[in-house]
Amino acid sequence: MATATVVNAASCAAPDQAAPIPASVDLAKETVITGVVLAGDQVVPGAYVRLLDATGEFTAEVVTSAEGVFRFFAAPGDWTLRALSRAGNGDAVVNVERGISEVTVKVA
Amino acid sequence: MSRDTALVSAEWAEKNLSQPGLVFVEVDEDTAAYGTGHIPGAVRLDWKTELQDQVRRDFVDQEQFSALLSSKGIGNGDTVILYGGNNNWFAAYAYWYFKLYGHGDVKLLDGGRKKWELDGRPLVTEVPERAATSYEAKPQDLSIRAFRDEVLAAIGTANLVDVRSPDEYAGRLLAPAHLPQEQSQRAGHVPTAISVPWSKAANEDGTFKSDDELRALYADLDERDTIAYCRIGERSSHTWFVLKEILGRENVKNYDGSWTEYGSLVGVPIALGDTPGGN
């Protein structure tokens with residue numbers, strides 16, 4: 001069974017992308033963008049996923065888990081997800097509300 | 001300092017992996033990354049458990065830093081090549097830290113772990129054994145470290161650079177967007193600080209932009225002294241590195257207390273929104 005990573009609010013450490021969302025996170029307030037990176041029908045672990053805001057400005061970057069999963073805590077609005085990997089690069093544009101939004105980023 | 005003395009390329013690094021007197025050191029935000037594969041021969045520094053005092057909110061002191069580097073098998077005469085994930089944030093933080101304690105020759109691997117991985121360069125899981133040394137750190141060089149009172153005094157009198165994302169600067173987010181946002185301190189920025197997100201200094205693959213691009217990016221800084229800050233001081237180490245070590249600017253300090261300290265102080269001025277705000 002996976003152990004949840006405790007996210008230390010005083011750090012900028014990247015949390016384990018595969019861990020369950022910590023119980024302390026209030027999903028009524030958070031805007032979570034999560035999903036997988038796919039190359040064809042294969043998940044891509046170790047891909048670099050960049051979150052860009054509505055103007056294209058870089059906001060955050062995480063590395064996908066062994067299952068190809070990424071997760072961001074953002075805000076409602078328009079975002080672009082850009083994935084870089086040895087299997088190729090790809091983008092996905094999303095408009096999200098509060099709560100959890102799932103998105104797939106395809107690379108080629 | 002300049003790009004030629006402060007940076008090495010991934011190509012150069014791969015050709016010099018086993019050169020005596022060079023020590024590769026991985027410093028990550030994801031402290032498990034090293035265990036999944038690292039540059040052959042690289043040792044690991046844990047920024048949270050090894051570079052931070054575990055009781056007070058501060059760095060390890062001169063003696064602790066000496067003991068740490070001795071135990072890692074790093075000598076005063078070694079050339080230390082730092083690299084890490086997240087576009088070298090924590091490697092840049094460690095670089096600043098090595099400079100703070102007066103290490104002679106330290107460099108950053110341009111592009112860090114990301115470029116190395118995307119290039120398909122070798123990663124290994126075996127941990128090198130290095131004989132312990134008798135490292136002697138120097139007293140902290142406070143010409144590169146800013147404390148909170150200096151930041152307050154800098155409002156309207158020096159260059160303040162807020163290197164966080166635009167939403168953090170404006171007060172719409174309290175943390176980078178890969179972290180939960182629940183925190184107690186106030187949002188916003190130090191009045192008169194200009195917003196130059198650290199990420200504008202880096203290419204998509206994590207390498208630093210060209211000198212010309214970097215000079216244009218910081219064109220709004222005048223000849224006054226400069227203090228860079230972010231949330232906990234690691235992203236601002238990245239900007240400090242650009243200003244001081246690549247562009248060779250004088251009198252640049254990193255405020256490692258950064259927003260987690262400033263935004264929790266009672267009674268200090270805070271500006272909200274996308275513009276610097278007055279003093």
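## A buried helix in chain B

How many of the 16 residues of helix α5 of chain B are buried? In this predicted model, 16 of the 16 residues of α5(B) are buried, so this helix is largely enclosed by the rest of the structure. Helix α5(B) covers residues 85–100 of chain B, and the distance from its first C-alpha to its last is 22 Å, which is close to the 22 Å expected at 1.5 Å a residue. After the helix comes B:Gly102, a residue whose phi is positive, near 75°.

Helix α5(B) also meets helix α10(B), and the axes of these two helices come within 7 Å and cross at roughly 65°. The crossing in which α5(B) passes α10(B) is left-handed. On the side of α5(B), the residues that take part are B:Asn87, B:Trp89, B:Ala92, B:Tyr93, B:Tyr95, B:Trp96 and B:Lys99, and they meet B:Arg235, B:Ser237, B:His238, B:Trp240, B:Phe241 and B:Glu245 in α10(B).

## The parallel sheet of chain B

Chain B contains an open sheet built from 5 strands, which follow one another in the order β6-β10-β9-β7-β8 and are paired in the parallel sense. The edges of this sheet are held by β6 (145–146) and β8 (194–195) of chain B, each of which has a single partner strand, so one side of each is left without a neighbour in the sheet. Helix α10 of chain B, which spans residues 235–246, packs on the sheet and touches β9 (226–229) and β10 (252–255) of chain B, while the direction of the helix makes about 175° with that of β10(B).

Within chain B, B:Asp162 stands opposite B:Ser195, a residue of β8(B).

## A partly exposed arginine in chain B

Helix α7 of chain B, covering residues 148–154, includes B:Arg148. The relative accessibility of B:Arg148 is 40%, and this residue therefore counts as partly exposed, given that the partly exposed class lies between the buried limit of under 20% and the exposed limit of over 50%.

When neighbours within four places in sequence are left aside, B:Arg148 is in contact with B:Tyr255, B:Glu261 and B:Leu265. By comparison, B:Gly37 is 111 residues from B:Arg148 in sequence, and the two lie 38 Å apart in space, C-alpha to C-alpha.

## Chain A as a whole

Chain A has 8 strands and 0 helices, and its pattern along the sequence reads β-β-β-β-β-β-β-β. Of its 108 residues, 52% count as buried, and the chain exposes about 5000 Å², of which carbon and sulfur atoms supply 53%. Where contacts in chain A link residues at least 6 apart in sequence, 50% of them join residues at least 24 apart.

## Strand β1 of chain A and its partners

Strand β1 of chain A, which runs over residues 31–39, is mostly covered, with 7 of its 9 residues buried. Strand β1(A) pairs with β8 (residues 99–106) of chain A in the parallel sense over 8 bridges, and in this pairing A:Gly35 stands opposite A:Val103 in β8(A). The pairing of β1(A) with β5 (residues 69–74) of chain A is antiparallel and has 6 bridges, with A:Val32 standing opposite A:Phe73 in β5(A).

Strand β1(A) also pairs with β2 (residues 42–43) of chain A, in the antiparallel sense and over 2 bridges, and here A:Ala39 stands opposite A:Gln42 in β2(A). These two strands, β1(A) and β2(A), form a hairpin with 2 residues between them, and A:Gly40 in the turn has a positive phi of about 65°.

## Strand β6 of chain A and its partners

Strand β6 of chain A, made of residues 77–85, has 7 of its 9 residues buried, so this strand is largely enclosed by the rest of the structure. Strand β3 of chain A, at residues 48–52, runs antiparallel to β6(A) and is joined to that strand by 5 bridges, and the bridge partner of A:Arg50 in β6(A) is A:Arg82.

Strand β6(A) also pairs with β7 (residues 88–96) of chain A, in the antiparallel sense over 9 bridges. The bridge partner of A:Ser85 in β7(A) is A:Gly88, and β6(A) and β7(A) form a hairpin that leaves 2 residues between them.

Conventions: Residues numbered from 1 in each chain as written. Chains lettered and ligands numbered in written order. Predicted model: local features only at pLDDT ≥ 70, side-chain atom pairs only at ≥ 80, totals over all residues. Heavy atoms only, no water. Pairing = 2+ DSSP bridges. Helix = DSSP H or I, 4+ residues; strand = E, 2+ residues; numbered from the N terminus. Contact = heavy atoms within 4.5 Å. Axes fitted to C-alpha atoms, helices over the stretch in contact; angles between N-to-C directions. Expected span 1.5 Å × (residues − 1). Buried < 20%, exposed > 50% of the residue type's maximum accessible area, 1.4 Å probe, protein only. Areas by Shrake-Rupley, 256 points an atom, 1.4 Å probe, with all protein chains shown as cover. Left-handed = near helix turned anticlockwise from the far one by under 90°.
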